[in-house]
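Take a look at the model below.

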Amino acid sequence: MEKTILSVKNLSKTFNQRNHSVDAVNDISFDLYKGQCLALVGESGCGKSTIASIIAGFTAPSGGCVMYHNTQLSFQNKSAQQQRSTMQMIFQNPLSSLAPRMSVLENMKEAVIYHEKWSNEKIESEAIRHLVRMGLSEKYLNRYPHQLSGGECQRIAIAKALMRQPDLLICDEITSNLDVCVQAEIIRYLIELKQSGISILFITHDLSLTGQLCDYIAVMKNGKIIESNRTEEILNHPKKEYTQTLIKAAF
Amino acid sequence: MSKSKINKKLGFRLGFLIALFFLFFIGPFFLPHEPFETNISQAFLPPSSQHIFGTDNLGRCIFCRIIAGGKISVFTSLAVMTLSSVIGSILGIIAGYYGGIWDKIISDIITVFQAFPSFVLAIAIAGILGQSIKNAIIALCAVYWITYAKLSRSLVQQIRSDNYIKAAWLCGAPPTSIFFKYILPSIIGSLFITVVLDIGSVILSMAGLSFLGLGAVRPTAEWGAVISESRNFMQQAPWIIGFNGLALFLVVIGFNLFGEAMDEKINCK
């Protein structure tokens, strides 16, 4: 039986504005299993990134709960950070994912030093190992984010996230700002990660990226999951008209 | 502009400021005349080889008084800038970083202080506290801290929502590390540039308070006070007000140009 890493139950998030409130996420439930990839797909503004933000602990939900390793996650308190120590997130904008005043090595060091007591030599060798894994070399260690391209920044952000071998990787539109070649490379790296046992929550508006990488797809519209199934089923036999439209747009 | 040109420009302007500092802080030990010594027989002497900037109504050497007063003007403005930037930044950082009730309280205090025209507020505070340089410093601090509180609050709020801060939190970074490693280095440059660019304005405000009789007490040679005293003799001895005004202009422009060069240097990648 597949082991559940992440279980989202009846999650909802309402943003209260001056005159009205917006239900960004409305009664969402899904499970993510170990070593598998679940894609949250939908148009911009449908609530995908809000879900990622809640799971990562940046935003508190209005209702529902998130179970990670069978523990209910808390929000905006000290234990919230500790509970997520084996979780990493990669963001849409590659340049803003890395601290601009820190070198690549310093950025990668940050992923480790708060949990592990590694020597500087070990941190550096691990950083090089993960950079090489991402198709980069040790010459990048002393560079600064503004000296790198978007694709390089994103690969370094992934390498940084892998420093402590996370159990869950949340990828929030990580290929949106990249060209097609770099997109394909990133997807290839993510497939390797998945095969190494890391679970991936892959958030995208582009269904064409999900085919090779994802095991399951949940299609979202207006804060709700309207259809979810195994990737082949969704791509070959979509039930909802909205899913068919997304597939037509992607292929 | 290339990095070498920016460095050259910054070096030149920094050199100019250092020269002014030497002149104002070491110069008083080598003055040809005593700046406070009066000699009525030498009153209103025009610039000459003996008194290169002439003398005032009491026969005091204007050059010596400008050098002696420069120390007071620069020192008081640096004191105002240091105090107001430290107090304002701490309050702004607390408001921006912790948000919630802290942000509301500090923002409301800022709004109350902003309700008054800044120089009018400084005049009112200095007027209530009485004429002295110390009280003028307090009055100007009460006006200038708002700039730094607002600036640091908005900078912290902006940086706090950046992805690399979120990533650091997820990596387990405690609030102190997030603040000292990520937030402070990102805002310190902008705050420093604002401080340097504001020094000129503070020197002018201090001179303004002294001009109104709310700053330096006689016979202190603070430039604003000297300009205030000498306005009655503008027709008779224009060099008194002219050279003091020129000194004020040079120092203000020196700090402004240095601030501009620092801005270019910090924002140049």
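Helices here are DSSP runs of H or I, at least four residues long, numbered from the N terminus. The model is predicted.

## Where helix α4 of chain B ends

Just after α4(B) comes B:Gly130. This residue takes a positive phi of about 105 degrees.

The helix itself covers residues 118-129 of chain B. Its length can be checked. At 1.5 Å a residue, the twelve residues should span 16 Å, and the end C-alpha atoms are 17 Å apart, which agrees.

Which residues of α4(B) are buried? They are B:Leu121, B:Ala122, B:Ile125 and B:Ala126. Seen down the axis of α4(B), these buried residues fall within an arc of 125 degrees, so they line one face of the helix. An α-helix has 3.6 residues a turn, so residues three or four places apart point the same way.

The cover over the buried residues of α4(B) includes α3 (100-114), α5 (133-160) and α7 (175-211) of chain B. On the face turned away from the buried side, α4(B) carries the exposed residues B:Val120 and B:Ile128.

## Two buried residues in chain A

Is A:Ile174 buried or exposed? Its relative accessibility is 0%, and buried means under 20%, so A:Ile174 counts as buried. A:Ile174 sits in a loop, between β7 (168-172) and α6 (180-195) of chain A.

A:Thr50 lies in helix α1 (residues 48-56) of chain A. A:Thr50 is buried too, with a relative accessible area of 16%. Beyond residues up to four places away in sequence, A:Thr50 touches A:Lys13, A:Phe15, A:Ala24 and A:Val25.

## Where chains A and B meet

In chain A, 25 residues are in contact with 16 residues of chain B. The two chains bury about 1,900 Å² between them, 61% of it on carbon and sulfur atoms. On the chain A side, A:Gln81, A:Arg101 and A:Tyr114 lose the most area to chain B. Together they make up 31% of what that side buries.

How many salt bridges are counted between chain A and chain B? The count is one. The side chains of A:Glu110 and B:Lys181 meet in a salt bridge, at 2.7 Å from N to O. Nine residue pairs are in polar contact across the interface. From chain A, α2 (78-83), β6 (87-90) and α3 (104-113) each supply at least two residues of the side that touches chain B.

Conventions: Residues are numbered from 1 along each chain as its sequence is written. Chains are lettered from A and ligands numbered from 1 in the order in which they are written. This is a predicted model: local features need pLDDT of at least 70, side-chain atom pairs count only at pLDDT 80 or more; totals for chains, interfaces and linings use all residues. Side-chain values use heavy atoms; hydrogens and water are left out. The expected span of a helix is 1.5 Å times one less than its number of residues. Buried means under 20% relative accessible area, exposed over 50%, partly exposed in between (1.4 Å probe, protein chains only). The arc is that of the directions from the helix axis to the C-beta atoms. Contact means heavy atoms within 4.5 Å. Buried area is the accessible area (1.4 Å probe) that two parts lose on being put together, summed over both. A salt bridge is a side-chain nitrogen of Lys or Arg within 4 Å of a carboxyl oxygen of Asp or Glu. A polar contact is a pair of N or O atoms within 3.5 Å; within protein, one must be able to donate a hydrogen and the other to accept it, and residues adjacent in sequence count only if both atoms are side-chain atoms.
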